[in-house]
Amino acid sequence: MEIEVAKRLQRTEEYYFSKKLREIDEMNRNGAQVINLGIGSPDLPPHPEVIKTLQEQAALSTAHGYQSYKGAPALRTAMADWYARYYRVSLNPNTEILPLIGSKEGIVHICMTYLQEGDEALIPNPGYPAYSSAVTITGATPTTYNLKAENSWLPDFEELESRDLSKVKLMWINYPHMPTGSLANRSFFERIVEFGKKHQILICHDNPYSFILNEHPESIMEVPGAMDVAIELNSLSKSSNMAGWRIGMLIANENRIGQIMRFKSNMDSGMFLPLQLAAAKALSLDKEWYTQLNQEYKVRREKVYEIMDLLGCTYDTKQVGLFVWAKIPEGFENSYQLCDDVLYKAHVFITPGGIFGSEGEKFIRISLCAKSEVFENAIERIKQSIKS
């Protein structure tokens, strides 16, 4: 019996990585032993004290019941303290913070709370594919705005102002930017807040990469008046090596937290308490944790630069975050062709920039989430494939 899927999924394709990893699994079953440098899943563990806290709390007989939809007070307080220390932002932990089961769910929650058929949402091109997917699922229309290297991968405000924005209800931004690694400064955040207020557009800032290879983490919420027009998502996945733990946060004013809770409370029944308390421990770590983490990523980044050089790609050494983004050389039709060439000849998987939008077609992305010896192996494989 065939049951047709809902219209909301008929416009939503399977995630590229989901399809490609099935192909890689088949290659591995045939003996390929593919090196995966495509996905940004941290391979390093959390701080030992974080794991210790999880173990101790999980051993308690009282730790296993349903939890508050708003998250444990200890976690919200830790999140507020973290924002005060590193982002210079003062938040009320009782009214302006909503813990999430990973920040990716927050993207869907925001879209489902505010969008419906007839609405439009501005999506960065290139950008994280989940923004477009979440908008599409609501029945609203994702409308791209192009980011270009010559403008430091920042929005072109003159081009945006020339559009009919009457149906645009929200706009997704993401700095440090994924996939390009570009930074935004205080003046940009001030301008985007002004733009949102002028056009009555909710500015949604996705901010999970601000601690990786970046000396000065920034939040849109540091701009006066941002809370009136913006929501920020943040995460422990990258900054604390806790991707599989699924711990994120949503920062917004009290009214918006309540509106989003109306949707979220129908989706889950709270986060496992020991996870929340371990996350609070992770957020309390001092700057030395981030310094040590970034020292490792700096070593790995040099290895990735070596791979990019072998492939004839060009890149900006000022980029930050968990990836290196680079322009492909002449001779390849697009990023998919280069990535497949490397996959099939060298058995190394790297990410085609085209999956992030048309503006990424001539770029590739390599993750820093592999040990140095893995990168060395990948370098040798690519060298051999070039020789042959």
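At 33% relative accessibility, E161 counts as partly exposed. Its salt-bridge partner is K198, and the closest N and O atoms of the two are 3.4 Å apart. The pair links distant parts of the chain, with K198 in helix α8 (residues 186-199) and E161 in helix α7 (residues 157-161), 37 residues apart. K198 is exposed, with a relative accessible area of 58%. The model described here is predicted.

**Salt bridges**

The structure holds 19 salt bridges. Side chains of opposite charge can pair when their charged atoms come close. Three of these pairs are set out below.

| Pair | N to O distance | Helices |
|---|---|---|
| E23 and K20 | 3.0 Å | both in α2 (residues 16-29) |
| K264 and E105 | 2.8 Å | α9 (residues 254-264) and α5 (residues 103-114) |
| K198 and E161 | 3.4 Å | α8 (residues 186-199) and α7 (residues 157-161) |

E23 is partly exposed, with a relative accessible area of 28%. K20 has a relative accessibility of 9% and counts as buried, because the cut-off for buried is under 20%.

The side chains of K264 and E105 meet in a salt bridge of 2.8 Å, N to O. K264 belongs to helix α9 and E105 to helix α5, so this pair ties together parts of the chain that are 159 residues apart in sequence. How accessible are K264 and E105? K264 is buried, at 2% relative accessibility. E105 is also buried, with a relative accessible area of 16%.

Beyond such pairs, there is a network: salt bridges that share partners join D43, E296, R300 and K371.

In which sense do strands β3 and β4 pair, parallel or antiparallel? Strand β3 (residues 120-125) and strand β4 (residues 141-146) pair in the parallel sense, over 6 bridges. Within the pairing, A121 stands opposite P142 in β4. In a regular strand the side chains alternate between the two faces of the sheet.

Technical notes:
Residues numbered from 1 in each chain as written. Predicted model: local features only at pLDDT ≥ 70, side-chain atom pairs only at ≥ 80, totals over all residues. Heavy atoms only, no water. Pairing = 2+ DSSP bridges. Helix = DSSP H or I, 4+ residues; strand = E, 2+ residues; numbered from the N terminus. Salt bridge = Lys/Arg side-chain N within 4 Å of Asp/Glu carboxyl O. Buried < 20%, exposed > 50% of the residue type's maximum accessible area, 1.4 Å probe, protein only.
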